[in-house]
Amino acid sequence: MDKIFVYGGKKLQGAVKISGSKNAALPILMASLLIDEPCYVENVPSLADIDTTIGLLTYLGKKIEKNDHRVYIHRDGHLKHTAPYELVRKMRASNLVMGPLLARLGKVDVSLPGGCAIGARPIDIHLKAFEKLGAKIKLEAGYVKLNANELIGNRIHFRFPSVGATENVLLASVLAKGKTTIENAAREPEITDLAGFLNKMGAKITGAGTPKIVIEGVKKLHGAKYRVIPDRIEAATYLITSAITKGDVKLLGVEPNHLKAIISKLKKSGMIIKTGKDSIESKWVRTLKPVSITTAVYPGFPTDVQAQWMALMSTVRGKSEIEETIFENRFLHVAELQRLGADLKIKGNSVHVAGVKKLSGAPMMVSDLRAGAALVLGALAAKGKSVISRIYHLDRGYEHLEKKLKGLGADMRRIHS
Ligand code: EPU
């Protein structure tokens with residue numbers, strides 16, 4: 001398994017190009033299951049999760065070519081309706097085949113994803129919504145099996161604005177008969193991007209990006225060309241890199257409007273942030289102040305940046321509090337950051353942080369993607385050498401991480417072992 005060696009203490013400076021959004025590209029690629037016409041998707045990041053998605057779609061019967069950041073999806077022949085355990089266990093977002101396969105084939109069997117490092121992550125909201133659209137559900141031998149002769153539009157109210165459930169309902173209801181309304185829908189930019197792609201395919205979706213989405217079902221969709229939005233979580237991670245290394249980093253190819261919550265907290269802490277049309281410059285000019293955060297659904301502070309913020313606050317003298325409200329167990333990075341000398345105490349769903357004068361390099365182990373980003377940030381700020389293992393988690397969501405950080409002046413290298 002590969003490891004990353006980081007020699008910390010360098011100030012990172014320069015420009016970095018932000019990749020396409022992983023969490024927008026995944027459902028967009030899954031949407032190709034709705035049609036047997038070609039689709040062309042640009043700005044798709046080169047990541048392990050994208051390879052897993054292409055592997056799953058290929059297994060189901062799609063013919064796909066990926067060339068750099070472009071994905072070309074050919075006409076398909078016969079589609080399978082089962083997403084097996086071996087593929088689903090690699091990536092929870094595999095459950096996004098449920099919506100399109102149910103709509104196109106009238107049946108789909110998906111292995112239950114099970115819990116993961118950051119929480120139990122059930123799919124009850126997805127299933128309840130499919131039932132509302134007329135699907136019959138059976139749980140058998142670790143698989144959830146959905147059947148529907150036809151899907152019929154309905155009013156669906158989510159008990160929580162789940163990102164995945166909103167995407168799955170969009171992917172199913174575009175081909176349902178009549179009108180579907182999702183109330184308390186997720187508002188994340190990735191939802192708006194999926195709706196944008198579906199509308200380009202001929203769907204009739206309005207209200208994406210608001211809590212109420214209305215979908216007028218259509219009989220058939222057609223092929224489309226689309227460009228995925230920039231990755232706001234990757235962008236946030238590089239903004240925090242500039243803060244934690246007392247550096248000056250310019251992000252290129254980014255959507256500043258998607259990063260308002262992060263920018264506002266960084267400014268509050270003392271960073272100088274300038275936004276352009278598709279760029280953000282973040283500069284350290286003075287000692288930062290501690291700033292507490294509470295994670296929330298969009299447009300609140302993203303749970304996917306909680307770990308990175310904790311790494312930053314661990315280095316900012318004074319006290320702050322990090323509250324996690326989206327996932328029940330997303331603090332696995334705490335014990336690893338403590339190995340660098342961070343002063344962190346878990347109290348229920350919060351972590352009390354007392355910023356320390358300096359972190360010192362140490363061996364650490366990654367538990368999940370964003371925890372991994374936090375450990376890299378901590379290592380960049382720490383004095384001396386850190387060795388980070390289980391970095392395959394990072395390869396799931398950060399394109400060319402070492403190359404980009406080295407381009408900013410980081411002293412790090414990957415060891416293949
Ligand atoms: N939940 C339920 N029941 C459901 C669905 C969700 O209880 O049927 C709960 C989950 O257990 C969790 C909360 O609702 O506690 C939020 O889950 P949500 O469905 O919104 O998240 P997701 O679709 O599984 C996506 C991202 C995550 C990101 C979350 C929250 C993708 C592929 N994944 O997951 O990204 O943390 O939304 O914003 O889009 C990451 O990129 O590192 C990552 C984990």
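The exercises below, each with a worked solution, concern a predicted model.

**Exercise 1.** Work out the order of the strands in the open sheet of 4 strands, and find which strands stand at its edges.

Solution. Step one: read the order, which is β4-β5-β3-β14, with mixed pairing. Step two: look at the ends of that order. β4 (64-67) and β14 (225-227) each have a single partner strand, so one side of each is left without a neighbour in the sheet.

**Exercise 2.** Describe how strand β3 is joined to strand β5, and state what lies across β4 and β5.

Solution. Step one: β3 (residues 39-42) and β5 (residues 70-73) run antiparallel and are joined by 3 bridges. Step two: take Tyr40 as an example; its bridge partner in β5 is Tyr72. Step three: helix α2 (residues 48-60) lies across β4 and β5, and runs at about 160 degrees to β4.

**Exercise 3.** Identify the residues that touch the most other members of the largest nonpolar core, and follow the contacts of Leu34.

Solution. Step one: the core has 75 residues, and those touching the most other members are Leu34, Val97, Val174, Leu198, Met201, Ile205 and Leu221. Step two: helix α1 (residues 22-30) gives the most to this core, with 6 residues. Step three: leaving aside residues up to four places away in sequence, the residues that Leu34 touches include Pro100, Leu171, Val174, Leu198 and Leu221. Step four: another core, of 67 residues, lies apart from the largest one; among its members are Val16, Ala342, Leu369 and Leu405.

**Exercise 4.** Check the span of helix α8 (residues 232-244), then decide whether α8 is largely enclosed or open.

Solution. Step one: at 1.5 Å a residue, the 13 residues of α8 should span 18 Å. Step two: the end C-alpha atoms of α8 are 18 Å apart, which agrees with that span. Step three: 13 of the 13 residues of α8 are buried, so the helix is largely enclosed by the rest of the structure. Step four: at the N-terminal end, Asp231 caps α8, with a side-chain oxygen 3.0 Å from the backbone nitrogen of Ile233. Step five: after α8 comes Lys246, with a positive phi near 55 degrees.

**Exercise 5.** Is Ser279 buried or exposed?

Solution. Step one: locate Ser279 in strand β17 (residues 279-283). Step two: the relative accessible area of Ser279 is 15%. Step three: buried means under 20%, so Ser279 is buried. Step four: the residues touched by Ser279, not counting those up to four places away in sequence, are Lys250, Leu251, Leu252, Val254, Pro256 and Lys274.

How values were computed: Residues numbered from 1 in each chain as written. Predicted model: local features only at pLDDT ≥ 70, side-chain atom pairs only at ≥ 80, totals over all residues. Heavy atoms only, no water. Pairing = 2+ DSSP bridges. Helix = DSSP H or I, 4+ residues; strand = E, 2+ residues; numbered from the N terminus. Contact = heavy atoms within 4.5 Å. Axes fitted to C-alpha atoms, helices over the stretch in contact; angles between N-to-C directions. Core = buried A, V, L, I, M, F, W, Y, C linked by side-chain atoms within 4.5 Å. Buried < 20%, exposed > 50% of the residue type's maximum accessible area, 1.4 Å probe, protein only. Expected span 1.5 Å × (residues − 1). Polar contact = N/O pair within 3.5 Å; in protein donor to acceptor, adjacent residues only side chain to side chain.
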